[in-house]
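Biologist: Let us go through this model together. I will ask, you answer.

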Amino acid sequence: MAETINVQLSEGKKTKPTGDLDFGTIFTDHMFMMDYNVNKGWHDPKIIPYEPLSLDPAAIIFHYGQTIFEGLKAYITDDGSVQLFRPEKNFERLNRSSERMSIPKLDEGFALEALKKLINIEKDWVPTQEGTSLYIRPFIIATQPYLGVAPSTDYKFMIILSPVGSYYKEGINPIKIAVENEYVRAVAGGTGEAKTAGNYASSLIAEELMTEGGYAQVLWLDGVEKKYVEEVGSMNVFFKINGEVITPKLNGSILQGVTRDSVIQLLKHWDIPFNEKQISMAEIATAHENGELEEAFGTGTAAVISPVGQLTWNNKDFIINNGDTGQVAKRLYDTLTSIQYGKTDDPFNWIQKVTE
Ligand SMILES: *Cc1c(COP(=O)(O)O)cnc(C)c1O
């Protein structure tokens, strides 16, 4: 797609926030928008002032949830340039999510160019304090007014930006999680591999109950037998058992995290024993009993690495690594964040500069 992006700058500028930033509450001055119609394809790409949308109450998004999203970040380096971490992976995944949800695909290269153009306009919004970043939320919604159950004829692809604070205000901090034995997040054949709204709406009840119990996240088991570990909250999950790092094998219901893939590449690069396989909660319990459960951690764009200090299953509490951050988790966190903020070499060519 060679279409030029129309730019309409906002007249006023919002005041930039100072102090702590709550996740996902503040948005920048502009947003990207592009429309789709079944006869025209994707058209009319534009950067316009951030403002509310006007949609028909019958729009398909409101009734049948035909929508997908992505999440990634822009980071500022010590020399003041802004950069992205493997953004092409997010646009590849956006198209895979679209395919699952019968949404027309985008030109990934064009979408990435549009994002870079938007960030260039909003570069003053990239926060500069240690650990902060500009969170990027690309998404697509079905806008055709129609109550029949069918793929929409019209869509909007949008990108909004939100400055976010450091996930860890007092250093990387282990969380308490509990295994969810009643509700499931996804099943193979369902939509677990897609970043689509319904997966998150249906997980809220479990997260709510867990929070009441003092847990930060839910450890999700497979949706069929409720035996095998899948993910933790909205992160992928890793365990270190007797020297070997293990993550559940992709099976059609696990979201394919960009952080997950980056962690796997680093573990291999460091020659740390690694295995991708189906792993049951019973195996993890046995490993804990035998003193072999050395580490557990979640991986995702928001937290990067989230160590697990306590895991509760059937009223039994497993304390992992004395509740402290493990060595592998720490090394992964330090390496990934150093690459993201341009403090170290980028041996895998993961970084794309947005501004010089
Ligand atoms: C987004 C997400 C992840 C993490 O993906 P990243 O690309 O690493 O941010 C993991 N699990 C679920 C369910 C997610 O929605």
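Modeller: The model is predicted, so to speak of local features takes pLDDT of at least 70, and side-chain atom pairs count only at pLDDT 80 or more, while totals for chains, interfaces and linings use all residues. Residues are numbered from 1 along each chain as its sequence is written, and side-chain values use heavy atoms, with hydrogens and water left out.

Biologist: Which residues around the ligand come nearest?

Modeller: A residue is near a molecule if one of its heavy atoms lies within 4 Å of it. The shell around the ligand has 14 residues. Those that come nearest are Lys195, Tyr200, Glu231, Thr259 and Thr301.

Biologist: How do the residues of the shell divide into nonpolar, polar and charged?

Modeller: Ala, Val, Leu, Ile, Met, Phe, Trp, Tyr, Cys and Pro count as nonpolar. Asp, Glu, Lys and Arg count as charged, and the others, Gly among them, as polar. The shell divides into four nonpolar, six polar and four charged.

Biologist: How far is the polar side-chain atom of threonine 301 from an oxygen atom of the ligand?

Modeller: A polar contact here is a pair of N or O atoms within 3.5 Å. Backbone atoms take part too: a polar one of valine 258 is 2.8 Å from a ligand oxygen, and one of serine 234 is 3.5 Å from a ligand nitrogen. For the side chain of threonine 301, the distance is 2.6 Å.

Biologist: What share of the ligand's exposed area does the protein bury?

Modeller: Areas come from the Shrake-Rupley method with a 1.4 Å probe. Taken alone, the ligand exposes 380 Å². The protein buries 96% of that.

Biologist: Which strand pairs with strand 3 in the antiparallel sense?

Modeller: Strands are DSSP runs of E, at least two residues long, numbered from the N terminus. Two strands pair if DSSP finds at least two bridges between them. Strand 1 (residues 6-7) pairs with strand 3 in the parallel sense over two bridges. The antiparallel partner, over seven bridges, is strand 2.

Biologist: Why is strand 3 largely enclosed by the rest of the structure?

Modeller: Buried means under 20% relative accessible area, with a 1.4 Å probe and protein chains only. Strand 3 spans residues 41-49. It is largely enclosed because the buried residues number eight of the nine.

Biologist: Is serine 102 buried, partly exposed or exposed?

Modeller: Exposed means over 50%, and partly exposed lies between that and the buried limit of 20%. Serine 102 has a positive phi, near 55°. Its relative accessibility is 43%, so serine 102 counts as partly exposed.

Key
Polar contact = N/O pair within 3.5 Å; in protein donor to acceptor, adjacent residues only side chain to side chain. Helix = DSSP H or I, 4+ residues; strand = E, 2+ residues; numbered from the N terminus.
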